[in-house]
Each structure stands twice: as C-alpha cells, then as structure tokens.
Amino acid sequence: MTPLELRADVPALQETVYLNHGAHGPSPRYVVDAADEFLRTHEFDSPTAGDPYADAFESFDRTRAAVASLVGAAPDEIALTESTTAGINAIAGAVDWEPGDVVVRTDLEHPAGTLPWQRLEREGVEVRVVETTDGRVDVDAFADAVADARLACFSAVTWTHGTRLPVGELVDVAHDAGAFALVDAVQAPGQMPVDVREWGADAVAAAGHKWLLGLWGGGFLYVDADTARELTPRAVGYRGVETPTAASPTYAAGARRFELGSANPAPHRALREAVDAVREVGLSTIEDRVGELAGRLVAGVPDERLLSPTPPEWGLVTIDVPGGDRRTARRRGCRRPGTPARCRPGVRPRGQHRRRDRPAGRGPRTGVVTPAGRGRNSKKEQYSLRSGPDLTAMDPTVVVGGDAAGMSAASKLKRERPDREVVVFERGEWVSYGACGLPYYVKGAVESLEDLVSITPESFVDERGIDLRTNHEVTAIDREARTVTVEGPDGAFEQPYSDLLLATGAHAVEPPLDGMGLDGVFTLHEMDAAADIRRYIGLDAPGADAPGADERGVGDAGTVGVIGGGYVGVEMVEAFAAHGLEVHLFEMLPHVLGPFGPEAAAVVEDHLREQGVHLHLATPVDAVLGDDRVTAIATGDEEVPVDAALVGVGVAPNVDLAERAGIELGGTGAVATDEYGRTNDEHVYAAGDCAEATHVVTGEPDHVPLALTANRAGRAVGQTLAGDPTPVGEIAGTAAAKAFDLAVARTGLTDEERAREAGFDPVSVSITAESRAHYYPGGEEIRVTLLGDRPSGRVLGASMVGREGVAKRIDTVATALHAGMTVDQLSYLDLSYAPPFGPVWDPVLTAAKVLDGKLEG
C-alpha cells in the first residue's frame with residue numbers, strides 16, 4: 001500500500017489541507033468501517049443469533065494478539081485501554097505509594113505523562129522534572145534524578161522537538177536505581193518499529209489514534225509479565241479477574257488485570273484493522289518514507305526557524321512560528337502561536353480548493369502523506385507497497401515528452417499546484433499537436449501544420465507557467481540520484497527531479513524491408529514528415545530536406561504505394577487520391593482495418609475499389625525498389641511501379657529510455673504501470689502512447705495508442721502528482737476512421753478469436769439498419785456487428801460502418817462496456833429519437849435485440 005492509496009481512503013483529507021501537530025491521524029475509511037461493522041453486528045445480530053459477550057471477548061483477544069505482535073510482546077502482556085493517559089493512570093494507581101516516594105519525568109512530556117503525577121503530589125509524592133536542551137535528555141542528569149526514585153516516566157519520542165530518546169539506556173539507568181520504568185510511546189507505533197523486549201521497560205503506554213490511524217478509544221498498555229504479578233490495580237472489573245463471581249476473585253494473569261468492564265469493543269476492532277494495515281505495509285517501508293519526507297520538509301525550513309534536529313529523527317518537524325493568531329496556527333498545523341509548529345511531512349502547501357463530490361476510490365486533493373494504510377476497493381489490493389508523489393519536494397517535477405500525455409499532465413499539475421515547478425523536455429520543435437490530423441493536412445483539408453497545434457509553446461510558458469524546453473532530448477535516467485541527463489542546444493546537463501513522467505509517445509514502425517532508406521519512402525507520425533510528403537509529391541514549395549521535390553508536381557507524381565491497411569494507411573489512401581494520384585494499397589493480412597473486424601473491413605474494401613484504389617490484400621511486401629529514390633514495390637513475383645511510398649504498418653512505444661533505466665516493460669512491449677500510471681519506480685510515472693493501460697473488457701494490460709487515452713492518462717497523472725490520486729482509467733480501444741465517404745468505428749473486442757483467447761465464449765451478429773427513419777430523406781445503411789459473451793450475456797464489443805451516424809453511435813456501446821452491461825440491458829437503453837437522426841429502434845438497439853435472442857437461443 002502507498003500514501004496515494006491511503007489518502008484515497010481517508011475522507012477527512014478529501015476537501016482540505018491537514019497539517020497536524022502529532023495529535024491525531026485521521027482514520028482511513030476502512031478502519032472506521034471495521035468498527036462500524038462490528039458495532040452493527042454486535043448490537044443487531046449478536047443478541048439473538050449469538051452471544052454479545054463472547055463476540056466482544058473474542059474481538060478483544062484478537063486485538064491483544066495483533067498489538068502484541070506489533071510491539072514484540074506476548075498477548076497476556078497487553079491490556080486494552082481507552083488511551084495512553086488511561087494506561088499511565090492505571091500504572092500510577094497500581095503502585096502502593098508512600099509519602100516521600102519520588103517520581104521522575106522529563107520536561108518533554110505530554111500532559112498524559114504529567115497530570116497523573118501532579119495528583120500524587122497531593123499525597124506526599126515528590127515529582128522531579130529533568131530539564132532538557134533542544135529535546136535531548138542528559139543521561140547523567142537523569143541518573144542523578146532517578147537515583148532514589150520509585151518510578152521514572154518518559155517519552156520514547158518527543159512531541160515537542162521531534163527527537164527520539166534513548167529508551168533502552170534510560171530504562172537501564174532507572175532499573176539500576178531500582179525504579180520502575182514507564183514509557184509513553186504514543187508517537188511511536190505505526191511510524192517506526194517498537195520492540196518492548198529490546199527496550200526492557202516495565203510498562204509501555206500507547207494508543208492507536210495517531211500514527212496507527214485508529215480511532216479514539218483504542219489505547220493499549222504493555223506490562224511485563226513478571227512485573228504485572230506485583231501490581232494491584234486500583235480499579236477492578238470483571239474483565240480483570242479470572243472468575244468474577246468467585247468469593248475471592250484473583251486478578252487475571254498479566255496485563256489483562258488492568259482491563260475493566262463492558263467497554264465498547266469497536267475502537268479496538270478498528271485498532272486491529274489499523275495494526276494489520278501497518279504490518280502489511282512494513283514498518284521499515286514506513287520508517288524510510290517518513291524519514292525521506294521529513295528530510296525534504298526540513299530542507300525547506302530556514303535554519304533560524306528549525307527547532308528539530310537535522311536530519312530529522314521521526315516524522316514530526318518542529319518549526320518556530322512567531323506571531324499569528326490561533327486560527328492561522330491551527331490551519332497551518334501549529335500547536336499555538338509563537339511556539340514550535342509540529343507539522344507532519346508530506347502535505348500540500350496550498351489549501352483552498354473547490355469542493356466536489358468524488359466517486360468511491362478517488363483520493364483527496366490535499367492531506368498528510370502518512371505511509372500506512374490499506375486500500376479496500378478491489379483494484380487497489382493488487383498494487384505493491386510503494387510511495388506516492390513527492391508533495392514536499394524541492395526539485396521540480398520533470399516531464400519527458402511534450403505532446404498529449406506530457407502537456408496534459410504538466411498543465412493539470414500546474415493548474416492544481418501553481419507553486420510546483422514543472423519542467424518539460426521535448427526533443428523536437430512541436431508540442432501539443434494533433435498527429436491524427438496529419439493525413440488531412442496532406443490531403444489539404446487542413447491548411448497548415450500550425451492549425452494542428454492545440455496550444456503553442458509560448459502559451460504553455462507565459463500563460464501556464466510551465467518550464468517548457470523544446471529541442472531538448474532526455475538521454476538517460478539516474479533513478480537513484482533522481483536526475484535525468486539532457487542534451488540541449490547548449491550541450492548536456494543533469495536535471496534533478498522529485499517525480500518523473502515518461503510521456504515519450506510512440507514511433508512509426510519501419511519494417512525490415514530493403515529500400516526503406518530510399519528517397520520518396522515515408523512514414524507518418526511526426527509533423528515534419530507530413531510536410532516532407534507534401535513537398536515531395538509537389539504540393540508545397542520544395543525545401544533542402546526534400547530531395548528531388550523541385551522536379552515533381554501533382555501532374556506528374558503519378559502513382560503512390562501505401563504499405564499497410566490500418567488507420568494511417570487507409571486515411572492516407574484518401575489523402576493521395578484527393579490530389580489525383582493513382583494509389584496502390586498493400587496489406588499482408590486478408591483485410592484492411594484489422595481491429596475493426598472483417599464485416600466492417602469488407603464494406604470498406606468495396607468502397608475503396610469504387611474510388612479507384614488498387615487493393616493488394618493478403619500480399620506481403622518483399623522490398624521497396626529503386627536506386628536513389630523509390631521506383632517500385634516488390635510483392636512476390638510482381639513489381640508495382642510507384643513514384644512515392646508511404647509505410648504505415650503501425651506504431652511502437654518509445655521505451656528505450658525507460659528500458660535503459662530499469663523501468664519494467666509489460667507484455668505488450670510498452671511501459672508497465674499501475675492504476676495511477678506509476679512504474680516499478682515509485683517516483684517514475686508513464687502515460688500515453690509509451691504506456692500500457694488496462695482493457696475494460698479483458699481486465700488485462702493492453703497497448704492501444706489513441707489520442708484520448710493519452711490525454712486522459714496525462715491529465716490523471718498530473719492530478720495524482722498534485723496530490724489527488726486519480727486512476728488513469730481503463731480503455732476499450734474505441735476508435736473511428738474515415739475512408740472516403742465511409743465512416744468506420746469500433747470498441748471493445750471485435751474479433752471472436754481474441755475474445756476466446758481472453759476466456760469468453762463469444763457470440764456475434766451483424767445487422768444492417770437505416771441511419772434515419774425510413775421515410776426521411778438522406779438516410780444511409782449502417783452495418784453493425786455486435787459481440788456478446790454466451791455465459792454472462794455481457795457486451796464484449798462492436799464495430800460499425802456506414803456513410804453517416806457511425807462515429808458517435810459507437811460511443812453507446814463503449815459506454816455499455818465501461819458499465820459492464822449485458823446485451824439485454826443494452827437493448828433496453830432509452831436512446832434519443834427523431835426522424836432526421838435515426839429510426840425509432842436505433843441500429844445499436846436492433847443489433848442488441850438480435851444478439852440477445854441468439855444468446856438466449
């Protein structure tokens with residue numbers, strides 16, 4: 001479990017900044033739920049279906065065992081109390097005090113460790129206070145004070161200065177003097193290992209509502225087994241004796257003698273849940289994370305204001321805050337104005353945010369990054385125990401890649417956290433552009449490349465405050481040092497980062513064909529490539545980087561070969577044909593547009609032939625021929641003369657940088673990430689075309705590089721880096737493409753074989769329906785193929801093709817996929833109707849009705 005997942009389960013952190021002074025850790029939802037569930041069962045079910053006392057005692061026993069395991073004790077050495085104060089008072093009341101006895105404490109103690117002894121002063125007990133300096137106890141002064149003492153009480157870690165006291169050494173000094181050693185350990189459990197055997201104390205009092213994130217009322221008291229036999233509690237109840245109805249009852253063995261009567265078990269049920277969570281995370285993980293965050297907080301505090309040690313010794317940093325009113329001090333986490341402000345590390349420093357409701361599982365905008373906790377929604381159980389973004393970091397967040405995912409993340413982070421420095425490195429000149437529009441720029445439907453740019457670099461810098469650096473390539477990542485190596489116009493340099501986002505995108509695949517390096521052979525994934533294509537075929541003025549373009553024009557460009565019948569290939573066929581070029585399309589598979597399914601592909605193929613396109617299906621290309629420039633495409637025994645060639649056989653994620661740095665890749669070849677876009681490095685995220693995402697139908701990692709996927713994932717990562725844990729979202733592979741007068745669309749699984757490989761028993765139907773009411777002019781046929789799972793009836797996917805009404809109709813099925821709907825439920829959706837826009841029974845509903853009948857049959 002990570003701090004991100006913790007905050008996602010802490011309702012108190014969803015709407016405000018929380019800087020506390022070691023007094024209270026707001027509970028995760030699942031801790032409160034555990035208490036609530038027990039209380040409801042105990043009050044509603046146990047009276048009639050069980051035994052309320054037996055159920056309560058069984059819960060108490062399990063909590064004692066959990067606490068004992070946490071602190072290195074035996075279960076019989078643990079008493080369940082209301083609080084640390086209750087535990088200290090229990091020990092104070094169990095000693096047979098006499099006038100002249102001495103109690104020793106330090107001046108660092110919480111009122112829980114001072115008030116019980118003040119009461120004893122009225123009975124003639126002397127209370128000695130060991131004065132300290134900067135939160136440190138002088139052991140010799142302590143030894144002098146405790147030399148004739150009956151009891152010594154001191155804290156394990158101080159709530160005033162953020163220092164750890166030498167507990168074992170102080171215990172030894174007290175024992176050497178014959179004094180009872182009582183430790184106030186309330187600030188220790190949950191953020192650092194506690195071993196009461198190693199300490200050697202006679203008793204240790206603590207509670208679960210601070211670093212353990214339990215509820216108020218869930219305290220505990222450790223008492224050494226041998227010591228307990230010598231103590232007679234002043235208060236006694238039936239839980240503290242062996243046989244409550246005996247004429248002369250004897251005290252229960254061990255610490256349990258300090259328990260009383262019918263206390264509410266719910267806070268201790270919650271304590272057990274919290275202890276289980278801490279053990280699941282691992283105290284070493286917690287301690288390391290707390291130390292890291294506290295260190296970064298200390299690094300940002302002026303020396304004259306810092307009252308805590310450097311480096312910090314635990315997660316409470318003491319800062320001198322002179323002046324200010326109480327309201328400000330409370331909001332900023334200070335105990336009181338003019339005294340040290342103890343702030344837990346990991347909080348967001350800005351605090352005013354708009355209020356909004358958020359779905360289950362979504363994390364807060366702000367809050368303490370406390371490294372304990374367990375997410376309880378189903379998706380969070382699978383994640384490894386890692387930390388979240390560095391919200392207190394002094395180094396900037398660095399983004400590698402300036403397109404959809406990268407700039408969406410940077411913009412969202414700066415919008416939510418304007419105080420954070422965000423640096424974006426882009427190796428090219430263009431940022432935030434619509435690569436999907438490149439075929440339409442070649443076609444001439446888009447007048448200039450600049451029209452494809454959503455936001456200019458100048459706007460990112462001037463209006464959004466992002467440190468955007470174009471023509472800067474990140475060449476290496478040092479994960480241990482948290483730096484990246486950057487090659488820029490002025491040479492190489494190292495850039496530190498607090499968190500790193502890899503948004504390196506994808507590149508056009510270049511198949512291993514002879515002739516790929518010839519002039520006139522192009523791939524299309526970058527802005528400059530589109531300009532090069534237009535220049536080469538004579539549409540624009542030639543440039544130095546367009547060899548031979550000055551000798552060509554539209555009139556004599558002649559023939560173009562397109563290798564690959566996917567999105568880019570089909571769209572570029574249309575683009576070339578628009579300029580009067582003869583086009584040959586080569587596809588090694590039986591159909592074009594494979595992800596759209598054979599039904600839709602067959603319709604598209606017929607239409608391409610009608611437009612004069614020469615289709616070479618099931619035809620692998622062997623080579624691209626030519627001397628200096630392309631002259632033909634070789635397929636088997638045939639050579640097809642061409643004047644230019646466009647290779648569009650797909651894209652592959654840019655993962656070289658990540659792989660060299662040891663970032664794990666998934667089975668798809670893209671960067672493996674979790675629900676929040678995190679990689680196997682807790683400070684490195686990945687989003688967009690370089691990263692995997694979870695498929696909504698199969699539940700497995702997939703790589704479907706599409707624009708919305710990249711933008712959405714980048715925005716989510718930016719929000720997570722701002723302190724609001726936001727899943728990147730599942731994908732359905734929803735897409736649409738244009739082929740001359742046809743639109744074709746798909747979502748989910750469209751291929752029965754792939755559905756079977758994913759564990760489904762697929763059933764499909766294909767129907768033809770009208771795009772408008774049959775009597776309204778202008779309607780066109782829509783071909784819909786819909787897949788469902790026979791056992792569950794679940795919708796698996798769909799494809800559509802037609803001249804109108806296709807591209808947005810597919811969204812209905814995509815929504816059904818994300819909702820996990822059945823085919824029957826899809827068939828009963830209340831969709832809009834008007835004659836100019838569709839028939840009464842929308843084609844989607846018709847397909848669902850037909851498929852539902854087939855599933856039932």
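**Loop residues**

I started with leucine 593, which sits in the loop between β20 (582–586) and α18 (598–610). Helices (H or I, at least four residues) and strands (E, at least two) are DSSP runs, numbered from the N terminus. Leucine 593 is not a glycine, yet I find a positive phi of about 50° there. Most residues other than glycine have a negative phi, and most peptide bonds are trans. I then looked up proline 311, in the loop between α11 (283–299) and β8 (317–320). The peptide bond that joins threonine 310 to proline 311 is cis, with omega about 0°.

**Basis of the entries**

I note that this is a predicted model, in which local features need pLDDT of at least 70 and side-chain atom pairs count only at pLDDT 80 or more, while totals for chains, interfaces and linings use all residues. Residues are numbered from 1 along each chain as its sequence is written, and side-chain values use heavy atoms, with hydrogens and water left out.

**Sheet of 5 strands**

I traced an open sheet of 5 strands in the order β30-β31-β34-β33-β32, with antiparallel pairing. Two strands pair if DSSP finds at least two bridges between them. The edges are β30 (735–739) and β32 (762–770); each has a single partner strand, so one side of each is left without a neighbour in the sheet. I get an average twist of 15° from one strand to the next. Angles run from 0 to 180 degrees between N-to-C directions, and axes are lines fitted to C-alpha atoms, for helices over the stretch in contact.

Between β30 and strand β31 (residues 742–748), which run antiparallel, I find 5 bridges. Alanine 736 has alanine 745 in β31 opposite. Helix α17 (residues 567–577) lies across β30 and β31 and runs at about 30° to β30. Contact here means heavy atoms within 4.5 Å.

**Sheet of 3 strands**

I also traced an open sheet of 3 strands, ordered β22-β23-β24, with antiparallel pairing. Here β22 (623–626) and β24 (638–641) stand at the edges with a single partner strand each, so one side of each is left without a neighbour in the sheet. On average, neighbouring strands of this sheet are turned by 30° against each other, direction ignored. Strand β23 (residues 630–635) and β24 run antiparallel and are joined by 4 bridges. For isoleucine 633 I read valine 640 in β24 as the bridge partner.

**Helix pair**

I checked helix α13 (residues 404–416) against helix α20 (residues 707–721): they pack at an angle of about 35°, with their axes 7 Å apart. The crossing of α13 and α20 is right-handed, meaning that the near helix is turned clockwise from the far one by less than a right angle. From α13, Ala404, Ala405, Ser408, Ala409, Lys412 and Leu413 meet α20 residues, including Ala710, Gly714 and Gly718. I sort the residues of this contact into 6 nonpolar, 5 polar and 2 charged. Ala, Val, Leu, Ile, Met, Phe, Trp, Tyr, Cys and Pro count as nonpolar, Asp, Glu, Lys and Arg as charged, and the others, Gly among them, as polar.

**Cavities**

I searched the whole structure and found 6 cavities of 30 Å³ or more. A cavity is a set of points on a 1 Å grid over the protein atoms alone where a 1.4 Å probe fits but cannot get out, and lining residues have an atom within 4 Å of a point. Points are joined across faces, edges and corners, and a volume is the space filled by probe spheres set on them.

The largest cavity has a volume of about 130 Å³. Of its 19 lining residues, Gly688, Ala691, Glu692, Ala693 and Thr709 are the closest to its centre. Helix α20 gives the largest share of this lining, 3 residues. The lining of the largest cavity divides into 9 nonpolar, 6 polar and 4 charged residues.

For the second largest cavity I note a volume of about 70 Å³. Its lining includes His110, Trp159, Asp184 and Lys210.

Methods: On a 1 Å grid over the protein atoms alone, a cavity is a set of points where a 1.4 Å probe fits but cannot get out, and a pocket is an open set with protein on both sides within 12 Å along at least five of seven lines; lining residues have an atom within 4 Å of a point.
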